Each structure stands twice: as C-alpha cells, then as structure tokens.
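Please describe the model shown below, with attention to its helices, its chain contacts and the confidence of the prediction.

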Amino acid sequence: MTQSCGRWMSRMAVVALVAGTVLALAVPASAGEKVFKIGGLAALQQGFGRSMQSGAQIAIDEINAAGGVSGYKMQITWLDDETSPATGRTLAQRLIFNDKVDAILGCHASTVVLATADLMAQNQILDIAMGSAQKVTELNNPWIVRVRENDLLTGKVLANYMVDKAGLKKIAIIYMSEQYGMGGRDNLIAALAAKNMKLVAAEAHNQGDKDFSSQLLNVKKAGADGLVLISGVPDLGIMVKQARQLIPDVKIFMSSVGATKPFMDVAGEAANGTFAVVTYTEDNPNPMVQKFVQAFKAKYNAPPYDFFSGLSGSACENAGCVQRNQGLQRRDRPDLRCGQGRGIGARTPANHVREHEAQGGCEGQRQVVLSAQTLRTGEHASGMFPRFAHRESGSYGMGNPVSADGVRAGAGLRVRPDRPRV
Amino acid sequence: MVSGLALGCVYGLIALGYSFLFNAVGLINIAQGSFVMLGAYVYGVWFTNQFHWPFIPALAALIVIMGLFGMACERFFYRPFKRAHLRTVLVSLVALGILLGNLALIIWDPYPKGTKGLFGQTTLRVGGMAIFYQSLFIIASTVLLLIVQHWLFKKTTIGKVMRAVALDKDTAALMGIETDLAISLTFAYSSILGGIAGMLVAPIFSIEPFLQVIGFKGFGACIIGSFSSITGAMAGGLMLGVVETLGSAYISSLYKDAIAYAFIIAFLIFKPEGLFGTRSEESGL
Amino acid sequence: MVSLLEVRNISKHFGGVRAVDDLSFSVEPGEIRALIGPNGSGKTTCINLITRVYQLTGGEIYFAGTRLDQLARHQIVQRGLARTFQNLRLFETLSVFDHVLMGSYLHCQVDFLRTVLRAGPAKAEIRATTDTAQELLDLVGLGDKGHLLARSLPYGKRRLMEIARALATRPKLLFLDEPAAGMSEEEIDRLIDLVRAIRDRGISILLVEHRMRLVMNVAEQIVVLNYGKKIAEGTAQEIQNNPEVITAYLGKLHEKVTRDA
Amino acid sequence: MNTHRIRNGIVVALFAFLALVPTYVEAPYVIFVLNVTCINIILVLALNFILGYAGQVFLGTIAFFAVASYTHALLFAKLGWGFWPSLPMSIVVTSVLSLLIGIPTLRVRGAYLALMSMGFIIVVGDVIKNWMSFTGGVWGVPNIPRPDIGTFTLTSNLHMFYLCLALALALAWLSLLIEDSRYGRAFKAVRDDQLAVEMVGVSSTYVKVLAFVLCGVYTGVAGSLFASFNVYISPEIYSFNYNSIFLCMLVVGGLSSVPGSVLGAILLTAAIEVLRPLKEKYLTPLALLIIIILLFEPAGLVIFIERAVAALRKFIPGKRLKEARRG
C-alpha cells in the first residue's frame, strides 16, 4: 500500500512538474479597457516570425505610450501558425471568434494568407499581410492589405539593376521550390522578358537542402555573369558560400531575405559583395527608421534581425487608420477613428495594385507594397552591415534615372559592391 | 564530385554514431540527428560564437557535455524501456527528437546561425576549384575517428565489454559485467560522435533545429553500407553523397531527396544487409 | 506407399560449423517418430530447416509428395505441418483461448467484410472455430484456462497451450520440439497420454526430446543424431542396444565421469 | 465480455460528449476545432492499425493523408466530381498506394521501417510540391467545395461537424469490430511474434499489408473530409510536426485501443488549442507527456477511465446480481 502510495506521489510530482513548466511557459495576457486588438499569425518556430513579433511590440509600445489610437490601446496576441495553411485557418478562427480581434497581422507565408482570405472577408477582419506573392494581389480581396513589397517588384528592380546598371548579359537564377522562390522566378522571367532577355539557367532546390553544387555547376556551365538567388534562410547563406567556392566570378543578387541578419550569420564573409533588394534597412538615416532601430535596441539589446521587424512595426501603426480610410469599417466599431498613421504601406488595399498594373503603369504601386518609411522620403541611403569591412555604399532607389519604365520603386535595392578578393 | 565526397563524409560521420550504438546495443537511435544538432549548437553557438574558446578546450568541453548528455538520454529514454516492445523504445526516441528540437528553439532562438569553424572561409585552390579547408578537415577527422573507433572496439577492454553486452546482455551480466553501465557508456560515446559531427558540419552548413533531419541521411548511409561494419557505414555515406550529387546533376535537383531515399529504400528491399554486411540468418529465433 | 515427410540429404552450415550434415529420414503416416541426440547434435536445427525458419544449405524436403523447401513458412503449415517451439513462442497480449483461435485462422474462409460485420456465414464460422478451440483446450487439459493471458500460465501449461494452438491448424504431421522440458514426472505421464491421443486422431508426430522416458514410451521409430549426422535409426529396443548410440551418449557421460574423477 | 462492454461504452460516451458540445458551446471557433477533432480521430484510428495493433513502427500516415486530400481536392475542385464520388475514389487511391508501399516496406522492420516512413513523407512531399501542373505545386488547391447531401450543402461548420462525427463514429465502430474479429487477433499476434504467426500458417506479410490497407482506407476518409472542410490545401499542411502529433495522440490515449485512440485525439486536439498561448513551444510539453505516459502507464490514459468504470460497476448492486445470475 505504501509502495503504491509512493509511486502515486512520484507520479503526481512529475505531473506537477509538467504543469509547472506549462504554466511558466505561458504568458498571461492582460486586458485593457478600450483596446484595439490585433491578432498576430506567424511561424514563430522560424526567425521571421520572431522578428515580426518583436518589431510589432516596439510599435505597439510606442503607440500606447502616446495614448493609443483614438483612445484605443493597442494589444497584440501572437499565435504560431507553423506556416501551415491548416493551422493558419484554425488560428484565424480562434483570433476572430475567441479573441475577437479587430485586425490580423498576417503571416509572412503567402499560402497562409491565401488560405485565410475568405475568413477575413466573411468576418470583416482587416488582414495586414506579409506574404509577398503576386497571388495575394490576385485575390482581389479588399480586406487584405500588404506592407511588404510585392515579389513582382523585386523582379522588376532586379532586372532593371542587373541589365541597365550593371550591364550583365547572362543572368541565371536558383530558386527555392516553395511559393516564394517560384513566384520570384516567374516575376524575374517576366521582368527580363520586358527587356527582351531570357534567363540562361533556372535551377531549383528544395527547402532545407544543404548541397547546391549541381545547381551551381549548371549555372557555371551556362556561363552566367549574374546569378539571382531567391530562397530562404539558412539555405540562402549556405548557397552563397558554395557559390563563392564554385563560381567565384559571378555577381550574386538576392531578394529581401539576403539583407537579413540570419543570412549574414550563416553566409559570413561570403556575403561580401552580394546584392539584395530590400525595402527596409536599419542603417537608413530616415529619423523614423532610426527611432525604431533605437527603440528596438533598447528593448531587445540587439539590432532588428530583418526587415520583418520594421514592416511589422509599420503595420501596427497603420492598423487603426486603414479601416476608416478605406471605408471598411466594421459594423460593430463605428466609433473607431483614424489614428496617426505614419506609414503609408497599409493605406491602399491590395486590389489597387491590380488596377494600376492593368493600366500599364506602376505609379503608386510602390506605395502599396513597399515599406513606407524608406520610400516616401526618397533619402534612403543604403549601406552594408557595419561589421563588414570595405564598406562602400551605393543606392539604387527612387528617382534613379535608370528606372526608365516608371518603376520608381527600387528604393531599397541595397548595393554591396564587390570587395577586392584575396 | 569533390563536394559529393565531402557531403558523403558528413553522412558517413553521422553514420558512425548509428553504427556504434547498433553494434553495442542492437538499437537504431532515431534521435541521433538531434545529437548532431545539439553538438552544432553547443560548439558553434556557445563555445565559439559566445565564449570564443580556442579549439582544444572547446572540443574537450564538447566531449564532456555530449558524453553526459548521452548518458542522461540513456537513463531516461532507453533504460526504462529496455525490456519493452521495440515500438515503445522507438516512440520514446521519437519523443526525444521532438523534445530536443523544440528545446533548441527555446534555448537558442529560432534564427539559423553560422559559425566560423577552425578555418573560417579559407579555401585551397586546386585547378579552377576552390575547396574549403573545413571540408578537408572533415574528411581527415572522419578517417581519424574511423581508426579510433576500430581500435576502441576491437582492442580495448571497454570495447570488448561493449561487444560482449551487444552479443548477449544476460550472459554478460552473469559474467559480472555491469551491463547498464556499459550501455550508458555506449550512449555517451555515440552522443559524442554525434556532437563531433555537429561541430564539424556547423561551419559549412548552418546551425538550426532543422539540422536534425540530416540524421536520416546518416541512417541511410548505414543501410547502404552496413550497420554492423564501420567501413561499410563510411562507404555507404560516400556513396549516398555521390548519388545525391549525381542525381541532382543528371536527373533533377528538385527530386534529389526523393532520389536519395529511393536509393536507400531500394537497398533496404533488395540488399537489407548492406554492401559490407554479412547476411544474417533471417529468423526470429 | 509415399512417406508423409521425406527429408533427403539436407545440410546446414553456419559459417564453418556443420549443424546438420547430409541427413535423411522420413516419417510415415500415423506414426510417432522421435529425433534424439546429445546436446547440440542438430535436432532443433533440423526442425527449423524443415519449417523454413532457416534456409537449407543443401538437400530436399518432400511432404506428402510435394516439395517443401521452396515454400514460404506459412504455406508449409497450410500443407498440414505444424510445430511447437523449444523456447516457447507466445503472443504476449493474447489470451489462451485467442492463441488457439489464432491457430484456426488459416481455415477461416469468410471474406473480410462479412467476418468483421459478423454477417451471413461468418456467424456459423465463428461458432465453429470457437467450439474447436474449446474442444482442443479440453483435450490438452486447459479447458478452464481459456480466458487467462498466456503469459500468466506456468511453464508446463504454456507448452500444452502451444500444442493446442498447433493442433488448431489441423495438421497431418505435428513437430513437438522438447514438449517435456520443464515438466514434472506427473505432467510427463499426462503428456504421454496426450501424444498418443493426438496420434489416435490420425496425426503423425515427430518428437524432438531429451527426456528418454517420454521418447521410449511413445516413439515407434527413433532417429539418433550426433554432430548433425544420423548415427542410428530403429525402434526403441534397437536404439537402446545400438553401440554407436551408446558411445555418443555414454561417450559424453564417460568423458564427464573421467573428468569428474 | 465484461471488458468489451466497458470498452464499447467508453467509445460511445466519448462520441456522445463530442456530439453534445455544440449544444452548450456555440463559439464558431470551438465548432471549427470539433471538426478538426473528428478528422484527427480518424487519423489516429488509422495509425492505430499499423502502430497499435500490428506493432509496426511506420510513421508515414501523414503522407497517405496528403495523397488522400489531394486526390479528393483535385477530383472535387478541378474535375467537379462532387463529394460523394470523390470520397470513395480517394479511399481507393490511398489504399492502393498503401498496398504498394506496404508490400515492399514490410520486408523491413523496426527502426528501418521508421526511417523508410520518414523517407516516404519526404518523397511524397517533394512530388506534391514539384509536380506543378498536376497538384498545383506549392500554391496548393484553393476553393475546394463543401460536401452536399441531396441538395443541401454543408457550408456551415456545424453541419460539417455532424458529418465528420458520423463518419468518425462509424469508423471507430468498425475498428472495434475488426479488433474483435480474427483479423484483430492476427494483428496483435504479428505484433507479439511474427515467426509464431507464420508457424500457425498465416502469412505475416499478408496481415501487415492488411493493416496498411486499413490505414489507407481510414486516411482516405480523413483526407477527403479534411480537404472539403479546410477549403484550401497546400503541401505545408502535411508536416513532420503534424505527423508527430498523431503519434502523441495515439500514445497518450492508448496504443492498440480504440477508446484510447479516440480519447487521445480529443484530449490532445483540445490540449494543443489550450497550449496555443505557448506559441512555438507547445511541442515541449507534448513530448514530455509522451515520455511520462510511456514511463508510468504505457497502456495510455484510457486505462484510467477503464479502471474507474470497472470500479464504479462494483458499486452498482443490480449489475452485480445480474452478472452473478448469468455466471
């Protein structure tokens, strides 16, 4: 009897231990009086999700310290969608019906945005999406707005710079076989076609691959002088390292992932002399950006890891105002007034992009899709991450004469000139 | 081809950990990939990036930590299920894998990390090719570990004890061998092997929880080579690396993993004893 | 007349060890034949070869005129050859009754869906197999133990249960691999009766056994193995007087005696 | 017989509980999760055939699930077959696939099988992702319609839930019937001792392949329901994480037990939703839970309910009398 009692005691102890762990891990949420609730959806098991989380918190703290939006305090609840559309759908319901959020700061994975789109429209929830795919635009869903650059734009910027500025003749691409990479490839092909050019090689890899030698060798065989890599971290970093080893002479261009700290960490010295299109950089001297970076450093003791932090912050600032601006007020919140929206990213719903494109021009498009702070001022001076030597910066941005086709949106293209190789 | 070779060496290195444990306990540790990941984190992120320890003390500390960790894993995830159905042990190890992956995410953040390694990004130029010194280092270390393992297993007392335990736990126990201790040491050693593999691959790959998956390939290497022969495991690793590189070059880089797994599965079905294994009598007796 | 089982020149080598070496013997319908020999003489290996647990190195095996050594294990049982095991092989989680039901699995004809839904002929079939199982348990003297988990039975009773399980496959020939191991003298008496009762049902038996009391009591023909080779074959009487057998057995004993001395 | 009655009673009680939830809780989110619960129940029952009954460490159910959902989605959304023709078709496709996978795979055992199943998940994932023209690749299949009964379309999640619940209950009941038939016995026998099974004249390969095919049939139903329920599917859904969750459900509820599978699916689906505030860390308590259950009660949580019910029955005099009279 005593023995079984002791066994029970030890079992209970273990159960208590587990319960304790669970409770310790859980963060209790506090409730305010007048709150504007945002639900955050991101893959928190990945770095991007974590960046969105921390970036948004900075903006929210700042807004709340200033008295909130029209008297509403902002509050954000994050959930991990594991980039799975199924989980994303479940969690969107949870946020909408259980947590009764007013807006959702969408996932950075376009598939999750696509999977939850109908829920947003049905329940009149504003989705501030982070997915960059053109398909998100094609949804034509007025309840989805986007603060990140459209992949279409990345393609155009890359084509403009590589062909017109750098004078490259043979362009190849290696892309990740996920929606991000495939979208990027299609957009690049379209942008090059506009310049009567074709890719000399298009190679794919699967997410999580560690060895890219066969793709790189094919690129080498094609004799490419410019190589576009559209992939995620850490694959991108490993790929750049191997590219430096196998085809040292090719110029490497990347999408915004190539301007994130995790990429730099993985690629190390191999990142020197690569190019990346990005809409947000923490060394942008724009006071708004700098203020954000300072606040971030103060809170987390580290610089923002990637553009998601900045975009996420900008998104939160806009969450309040967008609804009114677009006449998309929720019926149950007629009193909600526009706050001091400072970014412009979220101001135009995604369907506007489509209209502009249909007209053949891209005026205004950048305002839709690119991060507000870096674009509006036009004073973006790009640079490199300070910890790399041989810094030399150049900018290929707004108003640059090269963008003859009217795409003035390349503001964020960060140029990282080749460093002399040893 | 060179990169296929280096990749193959990595697989072979991971395969060593599997084959050692299999020889000693007759168990295939599906959580071996997690040991590799853990080794990469401990060495790469803590010792190198944060503490800036020099190579030798860092390596020593890694060996100690991984050894203790392996023993702890044995104590909590293997010993309680020693007499249970194999299914129970495997489920427990799957849980260990999930747990370690998630804990890595919590302890170190989810951002993938890089580390410099002993040689940084320096390369050796041979003809038109540049070869990372780190790759050469991996090949050299692998060969060294192969020799050490062979010697340890065949010549030393502890190796003999482990082999005795592997052959027949009960008889070994009757002979006065502390089987629990021997199995614990086996786990410790295979965890150290995993840790060293992690340390070696960290500079050429990246450090992230997803690194666990690489364990499967090491396992595949064992299937192609042999679980019971150390050289077999090594050869299997090399072969897998080359098949993967050639497969992606000539068939499709997208189906590279599919090709690799198809290759492994074909071996499982048509030559389950592997290239270098002796066909064991297939009986349940 | 065709022999029920005919083993022709079979051999098995484990590495350099010749566990069974060029062995031939046969079992006639309706007889009880014993396979004896000192420890390690290859008796159990021989049974394992016939039931395809091991691969033959050489030789041929015929059962009722058809060749056995190309078939899969379960097909051999389907032809009417069942066995028990020297080191019991039980289903840990099944009851005694379930063990015997498992034995009659191969005679169930009704298709999956009707069996599962217990529709149509399935009912009659289930009743029939249940009745047979109960009858066989009664035969081996475990009639009241059906509901117990097999592993909760004492050692000797487990052996009896294995016999019932093997009988449920409706064999023509039954291999009993050391059925008396671990049994008391009293239990052996009952086992002798059981073996005879099984034979009386028209089932031939090949008995591998150590305990001479059982062998000498029931076996009509005895095959003696030593170092994987047949050294003698005949009735109990003949075997007991065969000088080679005496050397094989007593030789060991003799050695032992001298060593002890 | 007595234990059988308790077992069946628990299954019925669990389903009755699920069916009653919507009458007390109307929150759309809860209804949504209830649907997921039913689909998970079917998936765990499927895994139970292979891992529970037949004891084979095959962990690739998620791949069957993916194939089933894609078959259904493509037939329904792209070819416009309708729900009821697509459902049997996806069952057929999945079970044929499981047959094809089962036959060669079953030559290998234990951890080899575990690895092969992981490889299988990767291969299936790669094919779905990269076979753009057929599967829609990484973009998935959008706008999968909801099922209809007659002219009535199950647009609301509540109606969908009743369909899922009915199918889950039917399949759970079928599982119970299979467990009690000679097939269930054969599965368990193969798990305990393959050689002994062969030595009673039953092909262990046949039994294992049967377990695979049953797993295929069950995942086929689950896949169909899921595709229609979720409206949109894409390759990311079928992840290793999701796969480990089934495993947890089965182990936590009770391996080789139908009420265990149902209980595990209900408890863990609920637990995961409760643990959502842990965000990405929720896998840690789950993994700890598996270990604890393996350590203390390898038969799973369902054993506690069974014990409790058995203990309660002792206090009901009427029952006891009846049994005494019968026995």
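## Helix α14 of chain D

In α14(D), the residues D:Val302, D:Ile305 and D:Glu306 are buried, where buried means that 20 or more other C-beta atoms lie within 10 Å of a residue's own, exposed means 12 or fewer, and partly exposed lies in between, with C-beta atoms placed from the backbone. These three residues lie on the same side of α14(D), because they cover an arc of only 100° around the axis, the arc being that of the directions from the helix axis to the C-beta atoms. An α-helix has 3.6 residues a turn, so residues three or four places apart point the same way. The face turned away from the buried side of α14(D) carries the exposed residues D:Arg307, D:Ala308, D:Ala311 and D:Lys314.

This is a predicted model, in which local features need pLDDT of at least 70 and side-chain atom pairs count only at pLDDT 80 or more, while totals for chains, interfaces and linings use all residues. Residues are numbered from 1 along each chain as its sequence is written, and chains are lettered from A and ligands numbered from 1 in the order in which they are written.

Helix α14 of chain D runs over residues 302–314 and has 13 residues. Helices (H or I, at least four residues) and strands (E, at least two) are DSSP runs, numbered from the N terminus. From its first C-alpha to its last, α14(D) reaches 19 Å, close to the 18 Å expected at 1.5 Å a residue; the expected span is 1.5 Å times one less than the number of residues. The buried residues of α14(D) pack against α1 (2–24), α11 (240–253) and α12 (258–274) of chain D.

## D:Phe296

D:Phe296 belongs to helix α13 (residues 283–296) of chain D. Is this residue buried or partly exposed? D:Phe296 is partly exposed, with 14 other C-beta atoms within 10 Å. Between D:Phe296 and D:Thr71 there are 225 residues in sequence and 41 Å in space, C-alpha to C-alpha.

Chain B has 33 residues in contact with 36 residues of chain D, a contact being two residues whose C-beta atoms, placed from the backbone, lie within 7 Å. On the side of chain B that touches chain D, the elements giving two or more residues are α4 (86–107), α9 (214–224) and α11 (256–270) of chain B. Of these, α4(B) gives the most, with 14 residues. The residues on this side of chain B divide into 26 nonpolar, five polar and two charged. Here Ala, Val, Leu, Ile, Met, Phe, Trp, Tyr, Cys and Pro count as nonpolar, Asp, Glu, Lys and Arg as charged, and the others, Gly among them, as polar.

Chain C has 27 residues in contact with 20 residues of chain D. The elements of chain C that give two or more residues to this side are α2 (73–78), α3 (96–103) and α4 (112–117). The side of chain C that touches chain D has 14 nonpolar, seven polar and six charged residues.

## Chain C as a whole

Chain C contains ten helices and ten strands. Its C-alpha atoms fill a box of roughly 70 × 40 × 35 Å, taken along the principal axes.

Of the 261 residues in chain C, 44% are buried. Among contacts in chain C with a separation of 6 or more, 65% are between residues 24 or more positions apart.

## Chain A

Chain A has 15 helices and twelve strands, and buried residues make up 60% of its 422 residues. In helix α8 (residues 213–221) of chain A, the buried residues include A:Ser213, A:Leu216 and A:Val219. After α8(A) comes A:Gly223, whose phi is positive, near 70°.

## Confidence

The mean pLDDT of chain A is 65, and 59% of its residues reach 70 or more; pLDDT is the predictor's confidence in each residue, from 0 to 100. Among the elements of chain A, helix α14 (residues 365–369) has the lowest mean pLDDT (22) and strand β6 (residues 171–176) the highest (92). Over residues 320–422 of chain A, pLDDT stays under 50. Where pLDDT is low, the predicted coordinates should not be read in detail.

For chain B the mean pLDDT is 80, and 91% of its residues reach 70 or more. Residues 279–285 of chain B stay under 50, and the model has nine contacts for them beyond four places in sequence.
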